[in-house]
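Q: Can we go through how the parts of this protein sit against each other? Start with the terms, please.

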Amino acid sequence: MQATAIAQPNIALIKYWGKRDLALNLPAVGSISITLDTLQTKVSIDLDGWLANDSLIVNGVEDPGRLSRMTACLDNVLGVKRPSALIETQSNFPIAAGLASSASAFAAATLAAVAAASIDLDTQSLARLAGRASGSAARSFFGGFAELENCQDAIKLSSLCDAESWPLKVVVAITETGPKGTSSTEAMEISRKTSPFYSAWIERQVDDLATARKAIEERDFTTLAAVAEHNCLKMHSVMWASRPPIVFWNAATMRCLQTVRRLQQDGCHVFFTIDAGPQVKAVCQEEDMAAVRDALSKTAGVLEIMTTGLGPAAHLVGKS
Ligand code: PMV
């Protein structure tokens, strides 16, 4: 009754912001993402039931603050009559800092829980279960480029292109290492209720998804770059216009954007994207990675740089 799974975080190029059903955690819009390679979260789940209650250990330290969300995830996956679980998670990158650590953690936890309980589920069902815990986690069940379609009563996941077929690189500029102040769920609800741009954001998503889907199919970097940057800035505009305003950026975030613009003017194939945190992810072609890395590492306020390629789907690494 023990299993271990690894999942990579994924970064949305066409983003999900807003929920249409809070209880079922259904997104208000579809999204398209890339699953990363070297960043990863490993989750081990022990369902032997020798504990009175669930216990969560995050990076070697007991973490009661994050336990209730993990317990809710396991209740949803296995039912509330399950044995109590010992859950150990290990991430090799900063967590809760806008680097999609909840996506990799809940994807790996869902997969490990199902394997530990010897339940047989297809990828679509696993992705939907993980999506209940964290909307973006569903996408980590697909490697490379994935699309999450927002269908009438459920989400539907599909692969648009595998990692090897378009091996883009991602340079992550860390501008703050502490955890973010507002959770994505909380921030999305503030936007839904108060941002005057929210309805326009929802209405235009279909067009951005179609543009990105076609660009990925045709490996058209320039078109993908333009629509991904537009979609990212549009999502942050929705947040900035919320009341109270939601601003995840800091001064270094803005300086990284200027660095990316300068690189583009110099002919580099690179574009930026930013999630619910101050980190900047620069997506680029392999031949431009060294220049992008070099320029971002010299940008004032950048504390650390991580580089990664596109990676695999969530996978099981052990079961006993
Ligand atoms: O999966 P959540 O509920 O943490 O929301 C993720 C939201 C964004 O990262 C900002 C966008 C996305 O589609 O991943």
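A: A salt bridge here is a side-chain nitrogen of Lys or Arg within 4 Å of a carboxyl oxygen of Asp or Glu. This is a predicted model, where local features need pLDDT of at least 70, side-chain atom pairs count only at pLDDT 80 or more, and totals for chains, interfaces and linings use all residues. Residues are numbered from 1 along each chain as its sequence is written, and side-chain values use heavy atoms, with hydrogens and water left out.

Q: How many salt bridges are there between domain 1 and domain 2?
A: Two salt bridges are counted between them.

Q: And what does Lys15 pair with in a salt bridge?
A: The Lys15 side chain meets that of Asp275, at 2.6 Å from N to O.

Q: Where are the domain bounds?
A: Domain 1 covers 2–164 + 314–318 and domain 2 covers 169–309; the bounds come from an automatic or database domain assignment. Taken over C-alpha atoms, the two centres are 22 Å apart.

Q: How many residues are in contact?
A: In domain 1, 31 residues contact 47 residues of domain 2, contact meaning heavy atoms within 4.5 Å.

Q: What about area, how much do the domains bury?
A: About 3,100 Å² is buried between domain 1 and domain 2, with 71% of it on carbon and sulfur atoms. Buried area is the accessible area (1.4 Å probe) that two parts lose on being put together, summed over both.
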